Each structure stands twice: as structure tokens, then as C-alpha cells.
Amino acid sequence: MERIQVIQEFYSAFQAGDAEKMVSHYADNVQFEDPAFGRLSGEDAANMWRMLIERSKGQLQIEFSDIKQNGDEVTAHWEAKYPFSKTGRFVHNIIEATFEFNGDKIIKHTDDFNFWRWSHMALGLPGKLLGWSPILQNKVKKQCLDLLDKYKNT
């Protein structure tokens, strides 16, 4: 399977709320990283997608575009629109993703987004005032990892 097709299937599965199809494209030892969760490996990365889809309760809208391959790397633009569960505030997150492969399996997935912009939408005034701060960024990361730990242990 061509790598661009793998990424198209990955995001199409995300749109459909099919976490198992998404993670079927990951290698067992995949490395994932983003500003909210930090670095996750293997089953933790897979469980993150399972948890996010489950917690969204069908209210997550995903759009993706601009999938390009440059050598062994594939990049994609994607956007997520959803109510943030903790505050109910509407979020429109804009993400640039980079993927590395071993064969047709994703071995590294990095999502990059503007954390300050995200925190302003998700948290309101506290996010606007402190979204740039490592203190708030670390607090959000800890909360995300705590949610993932709870999810894994249920």
C-alpha cells in the first residue's frame, strides 16, 4: 500500500470514529508526540486515539487535506472541531502532522499545533492569558496523561 494511501485511510477512519482501523496502521512500537500528550509509545499511542474517539461521543469532526510524501516522510494537514469536554467550549484545532514509516506501517507520528491558540479556545480566559506558559502546558499534559491512565485501567 502506498504511504499516502495509508494516511488517507488513517484519517478516513478517524472521521468514521474507527480507532481500531486507525491504529492498525501503526507499528507495534510507534512513537507519537503532540503538545497535549507529549511523547507516547506503542499501545499508549493507540489507546490515546481510542480514548479520544470514545470521549468525543460522536461530536468530533475531522477534516484532512494536503497529504504529501517527501522521501520516507509523509505530511498532512488536519483539523478537529469539537466541544472540549472539560469546559464545553468549542475548539477548532489546526494540526500539521508528520509520519515516518517502516514498510507500510507508521513508526513515528508527530502532530504539531499552536498550544496557545488551542488553550484559548478550550479554556477561555485562563488559556488566553497563560497558554504560552510551561506551567499551563505541563498541567494540561498531566491531565491528558491522567485521563489516558484511567482509560487504560478500565
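The lining of the largest pocket divides into 20 nonpolar, 5 polar and 6 charged residues, where Ala, Val, Leu, Ile, Met, Phe, Trp, Tyr, Cys and Pro count as nonpolar, Asp, Glu, Lys and Arg as charged, and the others, Gly among them, as polar. The structure is a predicted model, in which local features need pLDDT of at least 70 and side-chain atom pairs count only at pLDDT 80 or more, while totals for chains, interfaces and linings use all residues. Residues are numbered from 1 along each chain as its sequence is written, and side-chain values use heavy atoms, with hydrogens and water left out.

Rolling a probe the size of a water molecule over the atoms shows where empty space is left. On a 1 Å grid over the protein atoms alone, a pocket is an open set of points with protein on both sides within 12 Å along at least five of seven lines, and lining residues have an atom within 4 Å of a point. The largest pocket has a volume of about 760 Å³, a volume being the space filled by probe spheres set on the points, which are joined across faces, edges and corners. Of the 31 residues that line this pocket, Leu 52, Tyr 82, Phe 84, Ser 85 and Trp 118 lie nearest its centre. At least two lining residues come from each of strand E1 (26–34), helix H3 (43–56), strand E4 (73–83), strand E5 (90–102) and helix H6 (134–152), and H3 gives the most, with 7 residues. These helices (H or I, at least four residues) and strands (E, at least two) are DSSP runs, numbered from the N terminus.

Strand E4 also holds Thr 75, which counts as partly exposed because its relative accessibility is 28%; buried means under 20% relative accessible area, exposed over 50%, and partly exposed in between, with a 1.4 Å probe and protein chains only. From C-alpha to C-alpha, Thr 75 and Asp 149 are 29 Å apart in space and 74 residues apart in sequence.

Side chains of opposite charge can pair when their charged atoms come close. The structure holds 10 salt bridges, each a side-chain nitrogen of Lys or Arg within 4 Å of a carboxyl oxygen of Asp or Glu. One of them joins Lys 21 and Glu 9, whose closest N and O atoms are 3.6 Å apart. Lys 21 lies in helix H2 (residues 19–23) and Glu 9 in helix H1 (residues 3–15), so this pair ties together parts that are 12 residues apart in sequence. Lys 21 is partly exposed, with a relative accessible area of 37%, and Glu 9 is partly exposed at 22%. Another salt bridge joins Lys 81 and Glu 63, with 3.5 Å between the closest N and O atoms. This pair links distant parts of the chain, since Lys 81 is in strand E4 and Glu 63 in strand E3 (residues 61–70), 18 residues apart. Lys 68 and Asp 66 also meet in a salt bridge, at 3.5 Å from N to O, and Glu 20, Glu 43 and Arg 50 are linked in a network of salt bridges.

On the surface, Trp 116, Leu 125, Leu 129, Leu 130 and Trp 132 form a nonpolar patch with about 570 Å² of accessible area together. Such a patch is made of residues with over 30% relative accessible area and no salt bridge, nonpolar side chains (Val, Leu, Ile, Met, Phe, Trp, Tyr) being joined within 5 Å and like charges within 9 Å. Accessible areas come from the Shrake-Rupley method with a 1.4 Å probe, and for residues only the protein chains shown count as cover. Helix H5 (residues 125–130) gives the largest share of the patch, 3 residues. Leu 129 is found in this helix H5, and Leu 129 counts as exposed because its relative accessibility is 52%.

Definitions and conventions. On a 1 Å grid over the protein atoms alone, a cavity is a set of points where a 1.4 Å probe fits but cannot get out, and a pocket is an open set with protein on both sides within 12 Å along at least five of seven lines; lining residues have an atom within 4 Å of a point.
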